[in-house]
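Thank you all for coming. I would like to take a few minutes to walk through one model with you, going slowly enough that those who are new to this can follow along on the screen.

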Amino acid sequence: MKQTLLFLALASGLLVSACGGDSKFPVATGKASITAINAIVASPNLNFLIEERSIGQVAYQATTTTSSWDDLEFTFSFDAIFAGATEVTRIASQRIDFVAGQRYTVVATGTVAAPTLTVWETPERIFEATETTFQVRFSHTSASLSTGAIDIYLALDGVAPVLGQAAATVAYRDISPAMDFESGEYVAIITSSGNPTDVLFTSRPTTVLARTDMVVTPFDGDANNTTSIVVRGLGTLGGSIPFHEPLALSTIQFLHAAMEMGTTDVFDDAALSSQILTNHAYRDLTADTSIAAGTYQYLYTPTGGISAVALDTQFFAGEGLHYRVAAVGSGGVYSTINTILDRRSISTGAKLLYFQSTNNFEFTDLYAVDAGTSITDQFPIRPGVASRIPIAPIELAPGSYDLYVTDFLDKGILAGPTRLDVVLGDVVDMVVFDTVDPAVLETVVFPIP
């Protein structure tokens, strides 16, 4: 008993001594904030973490929202998921000693296998409610333009670039100091450094609102873009302002997935005087056709019978993207599913674009098993796929697969096997269709343009 009491007394004394002395632990005196930008062209969505806590997913050409933390020292990291892996992969980390009142941006460039992290720092901007200006910093995150510095102009429409009047000159991975502009419509122009006649990019007039805080930067276009350079104003709230090229067309393709509607002709005017498709048959997918941004009307009629409109639908196209208009339905009730196609390759797997158009099954399961393998003891790679509702791309590890479609929670095979041999970076486009037998489905793999 005496030994125990002595130990407790010693412990209490040590505790009092420790509490009474100077603490060696850092003490926060304020807050700093951080965002992340993904400029790795072939990356999947990256997970951005502080220590081991996720603070946001960031897609290519995008930024996370701003988050605030004590002005202490932290390790920030990016994780990626490789298709087929059971654990995430840490691809890069950066230690940052926060200073109160500062805003930090961690930019990932290079490749997933060999990323480069760059940290930008600037004082945090707090706008007054009456301010009519916006704040912008100009940076350079386009690997294809990385052979030299670029000049970036932000000017009124019709104002040509003039030597010495660029808003900023920046090298690859660099960023300019912050500067203010009055809110309004602006054109972003990029030229090679010191050569205003060598115009690399010009946007259409784009409205920027007061009290916006953003980074304007070019990215390399990918298979989801119709232009080689994409310029975005990345805001601190996580959104972006696209600075589109004025003549940046999109593309559109038409998919016929409504078996009972039969072969159709398609018109783009209510008077049925402007025919854009002839003999558009079931399971047909048209080639990409260029289209300007705007709202369109499409009318489907039986081939050769323009007086009977089977489907009248509207479609809106933005700028610089790839669209698909899929006619679906049955029993005289038809509609279209309008989607933006995700054709971008990723370096961490293959990508399966999968659309179930069937009317006979509301939900199905999709299996992707090693070639020659039964699904008996396998789990679906995507269970409960809803009919006529687009889903996110499915990522596959490199390999040879047999794909099967079954009824929901049922091993009875409705379609398959469909053999797929994929390598890293592949993009596969698959659609499931009804057949004349209501208990049988058909899968069709379409080539990517």
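The lining of the second largest pocket, in this predicted model, divides by class into 14 nonpolar residues, 1 polar residue and 3 charged residues. The volume of this second largest pocket comes to about 290 Å³, and of the 18 residues that line it, Thr339, Leu341, Leu353, Pro390 and Ile391 are the closest to its centre. If you want to find the pocket by its strands, look for S26 (322-330), S27 (333-340), S28 (350-356) and S34 (427-434), which are the elements that give two or more residues to its lining.

Let us turn now to the largest pocket, which has a volume of about 630 Å³. Its lining is made up of 29 residues, and those that lie nearest its centre are Asn45, Ala59, Tyr60, Asp342 and Arg344. How many residues of each class does the lining of the largest pocket have? There are 13 nonpolar, 8 polar and 8 charged residues in it. Strand S2 and strand S6 (73-80) each supply at least two residues of this lining, and these two strands bring us to a sheet.

That sheet is an open one, formed by 4 strands in the order S3-S2-S6-S7, with antiparallel pairing. Which strands stand at its edges? They are S3 (53-58) and S7 (89-97), and because each has a single partner strand, one side of each is left without a neighbour in the sheet. On average, and with direction ignored, neighbouring strands of this sheet are turned by 25 degrees against each other. If we follow one of these pairings in detail, S2, which covers residues 46-50, runs antiparallel to S3 and is joined to it by 5 bridges, and within that pairing Asn47 stands opposite Gln57 in S3.

Finally, I would like to show you strand S29, residues 363-370, which pairs with S30, residues 382-386, in the antiparallel sense over 3 bridges. In that pairing, Phe363 stands opposite Ala386 in S30. S29 also pairs with S32, residues 399-407, again in the antiparallel sense, and here over 7 bridges, with Thr364 standing opposite Asp407 in S32.

How values were computed
Residues are numbered from 1 along each chain as its sequence is written. This is a predicted model: local features need pLDDT of at least 70, side-chain atom pairs count only at pLDDT 80 or more; totals for chains, interfaces and linings use all residues. Side-chain values use heavy atoms; hydrogens and water are left out. Two strands pair if DSSP finds at least two bridges between them. Axes are lines fitted to C-alpha atoms, for helices over the stretch in contact, and angles run from 0 to 180 degrees between N-to-C directions. On a 1 Å grid over the protein atoms alone, a cavity is a set of points where a 1.4 Å probe fits but cannot get out, and a pocket is an open set with protein on both sides within 12 Å along at least five of seven lines; lining residues have an atom within 4 Å of a point. Grid points are joined across faces, edges and corners, and a volume is the space filled by probe spheres set on the points. Ala, Val, Leu, Ile, Met, Phe, Trp, Tyr, Cys and Pro count as nonpolar, Asp, Glu, Lys and Arg as charged, and the others, Gly among them, as polar.
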